[in-house]
Amino acid sequence: MQFNQQMVALATIVRKEIKRFTRIWVQTLLPPVITMSLYFVIFGKLIGDRIGTMDGIAYMQFVVPGLIMMAVLTNSYSNVSSSFFSAKFQRSIEEILVSPTPNVIILLGYCAGGMARGLCVGVLVTLLALFFTDIHVHNWWVTVSVVIMTSLFFALAGFINAIYANTFDDISIVPTFILTPLTYLGGVFYSVSLLPDFWRWVSQLNPILHMVGAFRYGMLGTSEGNIWLAFLGLFLATLALFFISLHLLKHGKRLRA
Amino acid sequence: MTPALSIKNLHKVYANGLVALKGISLDVQAGDFFAVLGPNGAGKSTTIGIISSLVRKTDGQITVFGKDIDTHFSEAKQELGIVPQEFNFSMFEKVLDIVLQQGGYYGLPRAKALTQAEKYLRQLGLWDKRDTPARMLSGGMKRRLMIARALVHEPRILILDEPTAGVDIELRRSMWEFLRTINAEGTTIILTTHYLEEAESLCRHVAIIDQGEIVQNTTMKQLLKRLTKEVFICDVADDLGAAPTVEGYATHLIDEHSFEVEVEKGQSLNRVFSALDQAGVTVVSMRNKANRLEVLFVSMVSSQTSGEKARAV
């Protein structure tokens, strides 16, 4: 398949994915916006006003980057896991598997679809946050690159989940039992400096803490950890998931008999 | 001449140990209309699955117009259009979108894909349904949608796995007509079917697979020549008390207005009519009792099965 044909195939998958999540926007775009509105009102405003500051920053300003990241990563993940698993379940994935579309294009197409939804929700949540506080971006390059890489990382993770999933239950296990606890314990609502030494050390093992920290640095200019180490870790982890996904596709794991 | 499709020594053993294919080999020439027949579980769909890369082969080689599907994956895929047995499109998407997307997966620019999609959706009577979600289509329409989808990139080989299963007779015949037309225009067609009348009516070559092996691979004419006996049912105008006697032919009474006559290979039907004419029996209609290919198919498959059983004993 020539390069321009591969780009046509990629555009086809991305267009299909975007069409899918916008067609069912009541299930895909609206719920995170409602959930985040509640977080802003309850945690940011009602409770936040009593908390005052966190690491020297007004609490509402502190939670905004975390909530944006939380929306981006959960939506990037769930878009790819549900879309790819549905395609597997309905067997419509065979439409692509019988075609000459290379595996890397299939992977990039689905991930781009997941990233499109994650970033779309991220933008909506950012606009929503403007109703509650002022937003200033300290470093655009860090902010944008971290959010894009995080979105890609979770899109890839959702892809791997969908490949291994046999039932719809299987694609809700990871978000429920792994993703949600890691997110809530990932410095979205609090600073790890509040934790005792042991739990602060344990928290360092949570990758979401570093992603949120790097993003918060991009927006607010303060960070609890080493921003460049977080950057490198995120880059390497994304690269690792990319090659694992590609390997699974190449070997037709749970896709080809 | 390079065959359109060449399968050599194809083996498939599934992870659960099931041996689906035991080294099948066959060539399909360009422009042919080729039937692959076999009972359920014979290995037909596994073979198609391997050709379409949905099933991984254990061993063997497949080439499409001389291009190996392992080493020239992309070029080989461009030549193939696959119509699977089960519906495998998203039921929530619109008919036109499904066909356009398939064009995109083969690298067709959108404008070109749209032209092609319109051409085949019109030919298959689905253009008026282009904005209808696939789940709203009837069973026959869904089958035609899969054919349009398989043709959108204009493959030189179209492989259909039981395309008319569950389709009513009128629609089946219109699909036959469509397949005859695209075959006449140069598309090589490979068809698996349970309707042996379909294979006899459409195909020039036939391979019969049973228990993962090819038990027959020949032309339809050659295959039908192997019939040793055919049974015809004759409907008569007057009441019959007994089956008419025709010397050299076995006859059996079915009811008072019809009887059957067995015609051995080489025997003439003229002698039957002469004898009936002399006996004052007026035949108003005559038909073959069983599909001719069906008789051969059953005899070949059952002889293979009994051979297996004998070996097992």
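**Notes on chain B**

I looked up burial first: 40% of the 313 residues of chain B count as buried, that is, with 20 or more other C-beta atoms, placed from the backbone, within 10 Å of their own. This is a predicted model, in which local features need pLDDT of at least 70 and side-chain atom pairs count only at pLDDT 80 or more, while totals for chains, interfaces and linings use all residues. Residues are numbered from 1 along each chain as its sequence is written, and chains are lettered from A and ligands numbered from 1 in the order in which they are written.

I took the extent from the C-alpha trace of chain B, which spans about 70 × 55 × 40 Å along its principal axes.

For secondary structure I got 10 helices and 14 strands in chain B; these are DSSP runs numbered from the N terminus, helices being H or I of at least four residues and strands E of at least two.

I then traced an open sheet of 4 strands in chain B, with order 2-1-4-5 and antiparallel pairing; strands pair if DSSP finds at least two bridges between them. Strand 2 (19–28) and strand 5 (67–68) of chain B are at the edges with a single partner strand each, so one side of each has no neighbour in the sheet. Strand 1 (residues 5–13) and strand 4 (residues 59–64) of chain B run antiparallel and are joined by 5 bridges. I noted that His11(B) has Asp59(B) in strand 4 of chain B as its bridge partner.

Last, I checked the chain contact: 26 residues of chain B are in contact with 21 residues of chain A, with C-beta atoms, placed from the backbone, within 7 Å. Helix 2 (73–78) and helix 3 (95–105) of chain B are the elements that give two or more residues to that side.

Methods
A residue is buried if 20 or more other C-beta atoms lie within 10 Å of its own, exposed if 12 or fewer, and partly exposed in between; C-beta atoms are placed from the backbone. Two residues are in contact if their C-beta atoms, placed from the backbone, lie within 7 Å.
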